[in-house]
Each structure stands twice: as C-alpha cells, then as structure tokens.
Amino acid sequence: MNAQKSKVVSVVAQKHFKFLGFALGKKGKGVYIRVHRQSLIKAKKKLKELTSRSQGRDARQVMESVKVYIRGWIGYFYIADMKRILQSWNEWLRRRMRMYIWKQWKKPKTKGQNLRKLGIPEWQARQWGNTRLGYWRIAGSAVLNRSVTNERLAQTGYYDFPAQYERLRQLHLSD
C-alpha cells in the first residue's frame with residue numbers, strides 16, 4: 001500500500017491534497033475544484049517540450065502538436081476553475097511560437113525580408129533583423145508583436161484554447 005496515495009483527510013483542510021490531478025479549494029461561498037499544482041507544472045513542462053526551438057520542425061507542425069495535447073488536457077480538466085491560468089498560458093505560448101518562428105528565419109537577411117513582408121518599414125526590419133538580442137527577448141518585442149500578430153498566428157493554425165475552455169464550461173454548466 002502506498003501511504004502517500006491512501007489516506008483519510010479533510011480535503012479542504014489539507015493544502016496539498018491531490019486526487020486524479022485535481023485539488024479542492026475553499027471560498028467564501030463553498031468548495032471549488034481546481035487543478036493541482038503538480039498537474040499544472042507537468043502540463044507546462046510538456047508544452048515547453050513541444051515548443052522547443054531545437055526540434056527543426058515547421059511551426060505549423062508544432063502548433064498542431066500543441067493543439068492535440070492542449071485539447072486533451074482541457075478535455076480532462078475543464079471542470080476545474082482555471083480561466084486565469086489558461087489566459088496566462090495562452091500569452092506565454094504565443095510568445096513561444098513567435099520565438100520559434102524567429103529562430104526558423106535564422107539569418108539576419110531572412111529575418112529582415114520576412115519582417116518587410118509582414119509590413120514593418122525597411123529601416124526597422126533591417127535594424128531588428130541584425131539585432132543581437134536573444135530569441136525570447138525578441139519574441140516579446142513590439143516589432144514581432146506588430147508583424148506576427150495574434151490574428152496571423154491563428155491563420156497559421158494557433159489554437160485559442162481559453163475560448164475552447166469557456167465553451168466546454170458553458171456546456172457543462174448548462175446541463
């Protein structure tokens with residue numbers, strides 16, 4: 001028998017209680033279901049693996065693999081309250097995808113050409129194409145946010161999972 005898995009406790013009183021990846025919390029108006037911290041850490045680690053820059057895959061393939069994983073994960077955990085968490089993950093993943101795209105462009109000349117194609121003025125595209133800043137820093141820059149917009153990411157296959165979570169919650173609550 002595993003002593004960590006087999007115990008009798010007050011699920012609200014014990015802070016680190018975990019059951020099938022869920023935990024319970026207590027609010028003023030009662031008890032609510034949330035995703036356990038370890039489950040969140042494990043999922044974010046998996047998303048980081050899927051969006052690793054060193055894979056050498058097309059950004060669309062990476063977006064598809066993230067979509068498959070996150071749809072399954074949300075399908076399991078949608079009964080939990082995690083709207084804010086998913087919104088912060090969504091911002092983080094968009095930045096990771098911009099970083100992935102920036103790395104795929106590789107050379108300064110290619111970066112500049114692609115930025116010009118996406119509507120950035122030539123002088124600015126040349127300046128940012130030749131920058132020595134790191135990938136993560138560039139992914140959060142105003143230039144990349146203006147050129148690789150959320151709409152363009154969605155057109156190339158980025159999955160807006162907070163919206164899917166909200167749809168599942170509405171279906172669940174209406175039953």
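This is a predicted model: local features need pLDDT of at least 70, side-chain atom pairs count only at pLDDT 80 or more; totals for chains, interfaces and linings use all residues.
View 1. At 15% relative accessibility, Arg-169 counts as buried, where buried stands for under 20% relative accessible area, exposed for over 50% and partly exposed for the range in between, with a 1.4 Å probe and protein chains only. The side chain of Arg-169 meets that of Asp-81 in a salt bridge with an N to O distance of 2.8 Å, a salt bridge being a side-chain nitrogen of Lys or Arg within 4 Å of a carboxyl oxygen of Asp or Glu. Asp-81 lies in the loop between α2 and α3 and Arg-169 in helix α9, so that the pair, 88 residues apart, links distant parts of the chain. Residues are numbered from 1 along each chain as its sequence is written, and side-chain values use heavy atoms, with hydrogens and water left out.

View 2. The chain has nine helices and two strands, which from the N terminus on run β-β-α-α-α-α-α-α-α-α-α; helices (H or I, at least four residues) and strands (E, at least two) are DSSP runs, numbered from the N terminus. Of its 175 residues, 35% count as buried.

**View 3. The aromatic cluster around Trp-73.** Ring pairs link Trp-73, Tyr-76, Phe-77 and Trp-89 into a cluster; rings of Phe, Tyr and Trp (its six-membered ring) pair if their centres lie within 6.5 Å, and planes under 30 degrees apart count as stacked, over 60 as edge-to-face and the rest as tilted. Trp-73 and Phe-77 are both buried and, being four residues apart in helix α2, are separated by about one helical turn. The rings of Trp-73 and Trp-89 have centres 5.3 Å apart and planes at 40°, so this pair is tilted. With Trp-73 in helix α2 and Trp-89 in helix α3, 16 residues apart, the pair links distant parts of the chain. The relative accessible area is 8% for Trp-73 and 5% for Trp-89.

View 4. Leaving aside neighbours within four places in sequence, Leu-115 is in contact (heavy atoms within 4.5 Å) with Trp-102, Trp-105, Ile-120, Ala-125, Trp-128, Gly-129, Val-143, Leu-144 and Ser-147. Ile-101, placed in helix α3 and buried at 12% relative accessibility, touches Ala-59, Val-148 and Leu-153, not counting residues up to four places away in sequence. Thr-51 belongs to the loop between α1 and α2 and is buried, with a relative accessible area of 0%; with residues up to four places away again not counted, Thr-51 touches Val-62, Val-66, Leu-93, Arg-96, Met-97 and Tyr-100.

View 5. Arg-94 counts as buried at 16% relative accessibility, whereas Asp-160 counts as partly exposed at 34%. Glu-122 and Arg-126 meet in a salt bridge of 2.8 Å, N to O, and, being four residues apart in helix α5 (residues 122-129), they are separated by about one helical turn. Glu-122, at 45% relative accessibility, counts as partly exposed, and Arg-126, at 46%, also counts as partly exposed.
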